Amino acid sequence: MPSRSDLVISDKFIRTLGQGRFGSVHEVSKAGSDEHFAMKVLPFTSEADFNKNEHEIAKLQKYQHSNVVGLVEVIEGDAAHYVVLELCSCSLADRVSEVRKLGTMMDRVTVFRIVSDVLAGLGFLHSRNEVYGDVKPSNILIGFDGRAKLGDFGGVVGVGTQKTSNSAECGTMQFWGPEMFVVGGNGVLGSQAGDMWAFGLIVLELLTGESWICGTNAVEIASSVGGFDVVCVCRQASMSSSVESLLCFLLSKNPQERLSSAELIRSGRLRSILGEETPLSQFIREELDCTKRTVDQLQTQLCERDNTIDRLKREKEQIQHTIAKQASTIAELTKKLGEFVAMEKRLNDKPSPTHSKVVAVENPKTETAKDVERIGGSVDPENAITVWDPRHFRKQGRRITSLVTTSKSCFSDKITRGVWRLSIRCGTYSATRFGVIDSSQLEQSKTGDLLNQPGASVFLLNVGYVYQNGTKIANGNQIPKDNTVVTIELDMNRHTLVLFVDGQRQPHSLANIPQNVRFALFIGHKDIYDEIVSFDEVSARK
Ligand SMILES: Nc1ncnc2c1ncn2[C@@H]1O[C@H](COP(=O)(O)OP(=O)(O)OP(=O)(O)O)[C@@H](O)[C@H]1O
């Protein structure tokens, strides 16, 4: 074998791609490179074989075209020619059988692309007065870019070349035109019309997915071709009228009536008929489908939204109803509140005095909280002081019993301004003393008889006498009977303390009362009680 090529061949074939009548085709690669090629091995045992190979190679070398398989290199061996070709992915025959195996049909776009490529290849050869001579699916190669190319130039001859009527010279019988079966003469002329018949059969096969000429021998095949009726087939396969008319022109039994490749290319009929399903229309159809799907989805969403709106409307109505109900409740409650406020106001017709507490000093060791509560007070455990709300006394006439005040004093809250009156119904007047005490001296005066508070500034009224700081300073006031109401009036504007007995002002009073004082009360005997009748700020009445 000549060493003209650095291709890896012979026993280093990567794989066998196919086997033809005149040789085999293998995949090869260049040493040290990733490039792969197809190598057609065309053996020769005679000069005739050798010439036939040379003829094929010469045609290939002459006609390079994008729809003709590319020739890379030719190596001439001792017994074979090694024709290195561009590697294609498969033949159309392989592709058709793949599609058949899947039980599907080749789509129109692919059919159009393939037959257009084949027509372009044929048109190229025909324009150079060549006849391809063996148009059939296994001679059409599909490149890795999807482009269809004419391979196997073994059958290519010039127009009008005489051939003997045998399949070895005249291509493959299934693809012969009817004219090639006519018996007689020395053979047939290779014709471009014959190429167009075979081309028509390929178009028909790709569109219907079926081979329409069958038979295993020349007689059967001739009979199949003879009985072939293109119109019948088109109707059977539900072809459109335009496709039918195209196929009628290609598969006319009269070769003169067949469309030439040039006419077909010029007319653009292939595109207008098969190209109905061009990528653009396909694209638009897909767009249409997609848009329809989107519309469906949107309608579903719209439906869902409508349902949601209905639900929200119902919820809104419920909420509005609840709001209305609550509003009427609010109105009712507001009305009731107003009534209660007015009622409370009526009940407390007089505003509570600012300083309204009476404070009793307690001895927590001897007195219990319960005792205090019994008479309407509360215990402040921290200071051991009992606080009475004078309103309580005023309304209910509660009694301050000796239980809590015997030997101890009872005090009001601190008073710094205004005019205040404390009225007491005395259980036993002689046992009761009352007056005011300097607030700062409260601690010293917590227990015991106020009369005897050493050092305390006590201003006291008792059984007709007036005392100041433990000293009697006047007498002549009325000595009240038991159960009479005695009132002491503290005027912090004048700093005076005046005594009333049953509403009658007494002649002797106290002056120079200090700034901060508390009312003070002392019940001297056990088991008697005094009752606070009222304890009010009376400035407003003055
Ligand atoms: N360049 C190539 N790339 C890939 N595969 C190829 C290539 N050339 C041919 N083949 C494969 O090899 C097979 C044989 O091709 P070849 O041209 O030798 O014979 P054929 O045309 O199928 O038969 P015949 O020679 O009888 O017409 C083809 O059908 C194809 O599958």
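**Where the ligand sits**

The ligand takes up the space of the largest pocket. A pocket here is an open set of points on a 1 Å grid over the protein atoms alone, with protein on both sides within 12 Å along at least five of seven lines. A molecule sits in a pocket if more than half of its atoms lie within 2 Å of its grid points. This is a predicted model, in which local features need pLDDT of at least 70 and side-chain atom pairs count only at pLDDT 80 or more, while totals for chains, interfaces and linings use all residues. Residues are numbered from 1 along each chain as its sequence is written, and side-chain values use heavy atoms, with hydrogens and water left out.

Around the ligand there are 21 residues, of which R21, E86, C88, N139 and D152 come nearest (near means a heavy atom within 4 Å). This shell splits into eight nonpolar, six polar and seven charged residues. Strand β1 (15-19) is among those that supply at least two residues each, along with β3 (36-43) and β5 (80-86); β1 gives the most, with three.

As for polar contacts (pairs of N or O atoms within 3.5 Å), a backbone N or O atom of E86 lies 2.9 Å from a ligand nitrogen. A polar side-chain atom of D152 is 2.9 Å from a ligand oxygen, and one of K136 is 3.1 Å from a ligand oxygen. The protein buries 92% of the 610 Å² that the ligand exposes when taken alone (Shrake-Rupley method, 1.4 Å probe).

Salt bridges (a Lys or Arg side-chain nitrogen within 4 Å of an Asp or Glu carboxyl oxygen) number 14. One of them joins E56 and K40, at 3.0 Å from N to O. E56 lies in helix α1 (residues 47-62) and K40 in strand β3, so this pair ties together parts 16 residues apart in sequence. Helices (H or I, at least four residues) and strands (E, at least two) are DSSP runs, numbered from the N terminus.

Notes:
Polar contact = N/O pair within 3.5 Å; in protein donor to acceptor, adjacent residues only side chain to side chain. 1 Å grid on protein atoms, 1.4 Å probe; cavity = no way out; pocket = protein on both sides within 12 Å on 5 of 7 lines; lining within 4 Å. Nonpolar A, V, L, I, M, F, W, Y, C, P; charged D, E, K, R; others polar.
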